[in-house]
Amino acid sequence: MEPAHIERTVVPEAAALQGKTPTAPGRTRPFTLRSLVPYGYISPTALLILVLMVIPIAMVVSYSFKDNVIVEQNPVFAGLANYTKVLTDSNFLVALKNTFIFITLSTLVHLVLGLAFAMMLNTALLSGITKALFRIIYILPWLFTIAVIAVIWRLMLDPFGVVNYILTTVGALEQGVNWLADPNTALWAVTFINVWSGYPFFMISLLAGLQGISADLYEAAAVDGANGIQRFLNVTIPQLKPVLISMAVLDLIWTSQQFALIWMTTGGGPLNVTEVLSTYTYKQAFSSYEFATASASAVIILLITMILAFFYVRQQRET
Amino acid sequence: MTTRMGRRRLGMKIGVIVGLCVGAAFAGLPVVWMLSTSFKTNGEVFGIPPRIITENFSFDAYRKILSDGSQMRFFLNSYIVALSVTALTLVVAILAAYGFSRYNFRFKRSINVIIVSVQAVPPITLVIPYFGLVVALGLYNTYPGLILTHMVFTLPYAIIMTTAYFNTLPRELDESVKVDGASGWTALWRILVPISVPGLIAVGIYTFMISWNEYLFALTLTRTNDMRTVPIGIQLLMGQHSYEWNQMMAMSILGSIPVLVLFLFFQRRFIGGLTAGAVKT
């Protein structure tokens with residue numbers, strides 16, 4: 001996540017050349033040979049990035065301007081036809097709207113829950129062992145793969161499941177709701193599941209951030225007569241701000257890429273209410289075999305991600 | 001005054017404990033329910049009132065999963081893929097991290113930016129060309145196809161974490177070997193890697209977890225059941241016997257055990273390594 005770690009280590013050229021190496025004799029030749037050494041170490045990575053990133057992105061971009069790709073032998077150039085097709089498809093626009101709701105709501109709640117839990121786990125009022133125990137419980141949701149999380153919540157949110165039992169017993173509901181199959185609740189239900197599965201990463205990072213705040217700052221604030229809320233607003237939040245913003249942007253990026261959770265709980269249904277950009281694209285490609293249309297949609301997703309990533313990088317630079 | 005302060009402190013303490021317990025219920029109850037359901041008979045899953053432990057408490061669901069060859073095949077596949085991804089990622093990341101940490105070279109910054117940005121590329125964007133590539137290369141429905149594509153997720157993180165770890169080690173360590181006439185290569189494998197084992201364990205666990213949990217590529221780049229991994233296996237179980245909830249839960253738990261065990265054993269190291277990569281210091 002963190003470019004600064006790598007960039008920060010600037011090793012002086014002179015120091016790098018001081019050590020005796022077996023290939024020392026000549027003057028200019030060994031120097032060029034030696035200057036190739038770092039590329040040797042980087043080359044497997046460079047090769048993999050070329051094969052796994054550069055070429056595939058070039059491919060998907062070129063697919064998006066063609067027709068009859070992958071399934072046909074002779075694709076033809078189609079200009080922007082695939083893009084106009086996608087951007088005028090009402091299903092795509094619904095997916096765009098759903099994605100927006102899904103990612104902003106998830107990120108907001110992740111942030112609030114993550115911060116609340118991190119602060120409780122950072123309290124000076126409890127012993128280290130108690131806190132460590134709670135910390136393990138709080139991290140639990142993050143340790144399960146999405147397939148497992150989908151199965152757990154399909155069980156919990158079943159019309160006859162335990163969530164409905166509790167809600168009807170305490171009188172919050174008259175009768176059980178089929179949360180994941182009811183068009184009125186499905187998007188909220190998948191967002192809730194995503195909140196459950198994603199908050200621990202926020203919590204861990206914010207906990208580390210909290211532990212990094214100097215106690216002097218709190219003491220100084222206390223001397224100035226600041227109460228708990230003032231200390232939170234004037235010390236904790238400003239100190240955590242860089243982490244909070246970075247995490248929020250990262251979460252927007254990750255959540256916008258969420259596919260498995262929605263695919264395995266609702267499949268984008270009922271009636272498209274949980275269709276997001278990733279499920280829309282997947283269906284275009286692997287259900288309808290419209291690979292060219294899917295590629296146009298995939299490139300649009302990439303562009304949205306790049307805009308978010310741009311904000312992330314800028315945020316990292318500023319801090 | 002002191003008793004008032006003491007009482008207020010006690011009040012806050014109780015407040016925090018109550019808050020922590022509510023949060024723990026939110027986080028933990030679904031997991032407890034999964035565990036509990038895996039020991040029920042299927043008829044008891046939606047019993048009213050819901051109970052954590054029922055009369056027919058049994059290991060039947062586990063027995064069924066463990067004696068089913070096709071389910072076990074999913075586990076074998078997941079282990080083969082995740083362990084290969086981990087080994088390959090570690091080797092490639094160690095080499096790259098050494099280059100980044102100990103050398104200066106042209107394009108260092110640009111390569112760096114590319115590696116960092118790889119993490120942001122949406123998997124759904126990659127899966128379409130991957131499908132085309134993997135079919136063209138004859139890697140469709142094979143282990144190498146999955147292993148290679150999983151590395152796009154694992155490598156950037158592994159390189160960043162390993163470089164950060166190497167950067168914490170003083171350069172004098174490898175210089176001392178180089179003075180004795182050894183090459184950078186020797187310094188890396190004889191000195192740097194052995195003392196980096198704690199950091200590399202964290203990287204390895206994270207890599208294993210990503211690969212073990214990966215869903216989209218496993219779904220699209222494999223076709224037959226003898227190539228499917230655990231996440232797909234769990235999904236298939238949902239389709240096959242739609243409502244054998246106890247078996248689905250047993251399979252989910254068995255599928256989560258490797259990650260849970262790794263995490264519990266290396267918790268401290270792991271969280272330390274993770275936040276070192278994610279949080280600015």
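Modeller: Happy to, and please bear in mind that this is a predicted model. Chain B is divided into domain 1 (2-38) and domain 2 (60-278), with bounds that come from an automatic or database domain assignment.

Biologist: How do you know where the two domains of chain B lie relative to each other, and how many residues of each are in contact?

Modeller: Taken over C-alpha atoms, the centres of domain 1 and domain 2 of chain B are separated by 35 Å. Four residues of domain 1 of chain B are in contact with seven residues of domain 2 of chain B. On the domain 1 side, two residues are nonpolar, two are polar and none is charged.

Biologist: What makes two residues of chain B and chain A count as being in contact, and how many do?

Modeller: The C-beta atoms, placed from the backbone, must lie within 7 Å. By that test, 88 residues of chain B are in contact with 82 residues of chain A. Helix H1 (residues 2-38) of chain B gives the most to the chain B side, with 14 residues. That side divides into 56 nonpolar, 26 polar and six charged residues.

Biologist: Why are H6(B) and H9(B) called roughly antiparallel?

Modeller: The axes of helix H6 (residues 143-168) and helix H9 (residues 197-213) of chain B come within 10 Å and cross at roughly 165°. Angles over 145 degrees count as roughly antiparallel, so H6(B) is roughly antiparallel to H9(B). The crossing is right-handed.

Biologist: Which residues make that contact, and of what class are they?

Modeller: H6(B) contributes residues including B:His150, B:Phe153, B:Tyr157 and B:Met161, while H9(B) contributes residues including B:Leu200, B:Val203, B:Tyr206 and B:Ile210. By class, the contact has 10 nonpolar, six polar and no charged residues.

Biologist: Why is B:Arg223 called exposed?

Modeller: B:Arg223 has 11, so the label is exposed. B:Arg223 is found in the loop between helix H10 (216-221) and helix H11 (230-240) of chain B. Its C-alpha atom is separated by 14 Å from that of B:Gln235, 12 residues apart along the chain.

Biologist: On to chain A. What makes A:Leu271 and A:Tyr289 worth a look?

Modeller: Most residues other than glycine have a negative phi. A:Leu271, however, has a positive phi near 55°, and A:Tyr289 has a positive phi of about 55°. A:Leu271 lies in the loop between H12 and H13 of chain A, and A:Tyr289 lies in the loop between H13 and helix H14 (291-318).

Biologist: Are those two residues buried or exposed, and how do you know?

Modeller: The cut-off for exposed is 12 or fewer neighbours. A:Leu271 has 10 C-beta neighbours inside 10 Å, so A:Leu271 counts as exposed. A:Tyr289 has 11 inside 10 Å, and therefore also counts as exposed.

Biologist: Which peptide bonds are cis, and where are their prolines?

Modeller: Most peptide bonds are trans. The bond from A:Gly269 to A:Pro270 is cis, with omega near -15°, and A:Pro270 is found in the loop between helix H12 (260-265) and helix H13 (277-287) of chain A. A cis peptide bond also joins B:Ile48 and B:Pro49, where omega is about -10°. B:Pro49 lies in the loop between H1 and helix H2 (60-66) of chain B.

Definitions and conventions:
Residues numbered from 1 in each chain as written. Chains lettered and ligands numbered in written order. Predicted model: local features only at pLDDT ≥ 70, side-chain atom pairs only at ≥ 80, totals over all residues. Helix = DSSP H or I, 4+ residues; strand = E, 2+ residues; numbered from the N terminus. Nonpolar A, V, L, I, M, F, W, Y, C, P; charged D, E, K, R; others polar. Buried ≥ 20, exposed ≤ 12 C-beta atoms within 10 Å, placed from the backbone. Axes fitted to C-alpha atoms, helices over the stretch in contact; angles between N-to-C directions. Parallel < 35°, antiparallel > 145°, perpendicular 65-115°, else oblique. Left-handed = near helix turned anticlockwise from the far one by under 90°.
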